[in-house]
Amino acid sequence: MASGARHRVIVVGGGLAGLSATLRITEGGIPVDLFSIVPVKRSHSVCAQGGINACNEIARQQGYSEHEHFDESIYGGDFLAHQPPVYEMAHWAPRIIDLLDRMGVPFNRTAEGQRDLRLFGGSLYKRTHFAGATTGQQLLYAFDEQVRRVEAEGKVVKYEHWEFLGPVVDDEGQCRGIVAQDLRTMQIRAFRADAVVMATGGCGLVFGKSTNSVMCTGAAASRCYQAGARYANGEFIQVHPTAIPGADKLRLMSESARGEGGRVWVPRKKGDARDPRQIPDAERYYFLEERYPKYGNIVPRDIATREIFSICVHDGLGVGGGNMVYLDLTHLGREYLERKLGGIIEIYRKFVGDDPAEVPMKIFPGVHYSMGGLWTSYEAKPDFKGLRYGAPGSMTTNIPGLYAFGEVNYQYHGANRLGANALLSCIFDGLFCGAGVVNFAREQAPAADAAATAFDAAKSRRETQMKELLGASGTENPYAIGKELGVEMTAASTVVKSGPRLEQSLETLGSLRERYSKIRLSDSGMWTNQTLAYARAVGDMLVIAEAITRGGLERQESRGSHYRTDFTERDDDRFLATTIATFDPQTGGSKISFEKVETPLVEPRKRTYGKVEGGGAPKAVASPHA
Amino acid sequence: MVAPDAASAPASRSQRVLKVAVKRQADPAAPPRWERFEVPVEPGANLISVLQAIASRPTTTDGTSTTPIAYDSGCLEEVCGSCTMLVNGKVRQACSCLVDQFIDAGEAITIEPMSKFPVVRDLCVDRARLFAGLQRVKAWVPLDGTYHLGPGPKESPDDQEVRYALSTCMSCGCCLEACPQYNVEPDSAAWDHEFVGAAVISQARLFNMHGTGKVLKADRLEALSGRGGVNDCGNAQNCVQVCPKEIPLTESIAAAGRQSTVHAVKKFFSGR
């Protein structure tokens, strides 16, 4: 087509999903405009530590396979994930590792020079590839380098320090571009594109302190949701079992610490105040190992988190009577720790001041990842074993032309994500589904020729919103509202939930929204106004928080990370279904519906990970709010 | 869920006050000015949480209302490279700067933006030149494409350990701030012949070590041989002392220096 050269695609977000999509789309011959709040090399993917999963030759010769990887991921996600996309991802994983290898990722090596492997949660096989304990950083850098290469060839234009404000949707309901703001000059502009890929990550900041980076507000997803995109499975929030609490954030201590042999324990005696090194082995309660003899410390995250929570909050066995347990690496030896886990050892030393090679680390669960995100469809093969390559209908939202890749895409992880599957899903989306974006964009009449009306209107709406925020003369402080939102969401919508508590939370969110309408900014300037950007995001976070909470309320069962004290069992008859939140512009709230999840490849089975009852263990988690 | 720090922080220590002086600048053309704050902090707090506290209540020590301080931040765990600034004159990441030590010593903290990059506002600076430097030395593997073409080259654990250390460079710019040969240059047209700095030289070494990356070795050495290349290093060795990731930058400079000498000799005798 003669106009082929005039097609452009916009990618929003420069983490692993956004960069891999950019690489794939430019390779398909379409130039990309890449938008990111931060220089792309500083995206949140850098925080991923432990590794990336893929079937490999050693595991294969022990009986593992891509199908096993698929099955583990479905079982780990408590059967809520759609099976064809997960099947395709697991089968693509080995070739993604090979590609990363070719790109120069410094994967740890064996003596022979092969890629080293480690154990990770939810698997009994070593199938996690890693680069020290900063695997996400190393993978992101590899894609950053490749995108810099194509940028030098003129195929990518980066808009760094630009914030996405919303999609431009035309009269036919199709996405034709975006509105974005230069966070330095504060200029707002509309940009045209034949397809838009959202790769904007998670929403950890909705929960206040989390393991996420400061830009992970979920505001970009919320802006799409408010423009009519559905939001799916929002209530499934992963709380990582092992983080270190801090005044500004919770810092992740990778699951690889346990994969490499780290052991979680508390003193058997309540209130035992001895130095942990003085407590003999027999007086230590290795509760994960005792309760889950098969998987031990590498049970999936939702399970480890609930056990730690229960040990501290209900049994009162937390270290010093507080909300802390030990994660012990001291038996592994300094040289081994430095080589395999150097990155996290350094974080603990710098931020806590103790040396994990000498003293057991003190950790507690922290909000980490959103399994939910923008709803997307997919095009499966006729036998459901995987996706059709290059199909434009995969990972597209219900707004044609608007795609969602990576953490902001709800596919792949169901009700609980397995460790080291996140990096994989981001790259898989970019490389596999990027091909579909190319095919979609080619078929469109170039957005460059579209009438200016929709673009002008969308831009003008965002300018008005900015002026209103800058001129607001209320009394409420947006930072205070953001903080209270985080405290409330962490209290009501994370490890343990209940109907009455979620009802109460909806009321609290309502009053926060009411207060938000009366805010005043302490900076009304028009140059690098970070207060404006934050205050605007708080408004969008309140909207997505409501959808998360209402989804949690209407899902009357327990599944994966979603645990209800008033509905403690999984209920496949009613809730083997995707939660779909639709924004109601009239009320500013959500409407929830459920869409059945088909299970064509593996039938749902009970998800126990071989738990044995006993060892003084409480049988179930009771509500702290009852 | 119960916030763990609420239970673990004794109330008696929770209201300690840190004195902070911040060098501010409204925009690139505005004159700098100082503002002073007294900020209550929790035990174990870092400098980012101090800046967050100021943002939520932007009032100076003398009671004057002001605007929140503009600053860059990201991961808050010293792996993204965003929050580089000068703390008591020393360049470092604000996230890993714990403030208890200053309070214990009765010291105030001064915070300034980096001086080797143009100020955007307050503590935000424009480090685009650093990323342009990575393009200047082609800091990438020349990939054929993303299609499946098998694994990359095998590598010994020893080589991997060297490359991994170099590859943890987060482009924070600490080494450039500390370097006497690296000077502020707002004009991007001049970047190609101004000193490229330790971070970028070290990335050139990283890719020259890689089995496929070394295909572009001659191009990288050509970029490092000319004006603003490795020979502009004055051997002050400040870079390696301030690197938060303890990357062996002086070894990289020495290695790149040797490689570019060999490159120059080869070029001389081949007549190209």
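Predicted model: local features only at pLDDT ≥ 70, side-chain atom pairs only at ≥ 80, totals over all residues.
Biologist: What is the radius of gyration of chain A, next to what the globule rule gives?

Modeller: For 626 residues the globule rule gives 25 Å, and chain A comes out close to that. So chain A is as compact as a globular protein of that length, with a radius of gyration of 24 Å.

Biologist: Which element gives the largest share of the side of domain 2 of chain A that touches domain 3 of chain A?

Modeller: The domain assignment puts domain 2 of chain A at 240-367 and domain 3 at 454-577, and their C-alpha centres are 32 Å apart. Six residues of domain 2 of chain A are in contact with seven of domain 3 of chain A. On the domain 2 side, the elements giving two or more residues are helix 9 and strand 17 (361-370) of chain A. The largest share is four residues, and it comes from helix 9 of chain A.

Biologist: How is helix 12 of chain A set against helix 15 of chain A?

Modeller: The axes of helix 12 (residues 453-471) and helix 15 of chain A come within 10 Å and cross at roughly 105 degrees. Angles of 65 to 115 degrees fall in one class, so helix 12 of chain A is, relative to helix 15 of chain A, roughly perpendicular.

Biologist: How many charged residues are there in the contact of helix 12 of chain A with helix 15 of chain A?

Modeller: From helix 12 of chain A come A:Met466, A:Leu469 and A:Leu470, and they meet A:Leu532, A:Ala535 and A:Arg536 in helix 15 of chain A. By class that gives five nonpolar and no polar residues, and the charged count is one.

Biologist: Over in chain B, which strand gives the largest share of the side of domain 1 that touches domain 2?

Modeller: The assignment for chain B gives domain 1 (4-124) and domain 2 (127-270), with C-alpha centres 32 Å apart. Here 14 residues of domain 1 of chain B are in contact with 15 residues of domain 2 of chain B. On the domain 1 side, the largest share is three residues, from strand 4 (residues 90-93) of chain B.

Biologist: Back to the two chains: which helix of chain A gives the most to the side that touches chain B?

Modeller: The contact takes 68 residues from chain A and 63 residues from chain B. Several helices of chain A give two or more residues to it, including helix 1 (16-27), helix 4 (83-103) and helix 5 (135-152). The most, eight residues, comes from helix 5 of chain A.

Biologist: And how many residues on that side of chain A are nonpolar?

Modeller: The side of chain A that touches chain B has 21 polar and 18 charged residues. The nonpolar count there is 29.

Methods:
Residues numbered from 1 in each chain as written. Chains lettered and ligands numbered in written order. Contact = placed C-beta atoms within 7 Å. Nonpolar A, V, L, I, M, F, W, Y, C, P; charged D, E, K, R; others polar. Axes fitted to C-alpha atoms, helices over the stretch in contact; angles between N-to-C directions. Parallel < 35°, antiparallel > 145°, perpendicular 65-115°, else oblique. Domains from an automatic or database assignment. Rg over C-alpha atoms; globule rule 2.2 N^0.38 Å.
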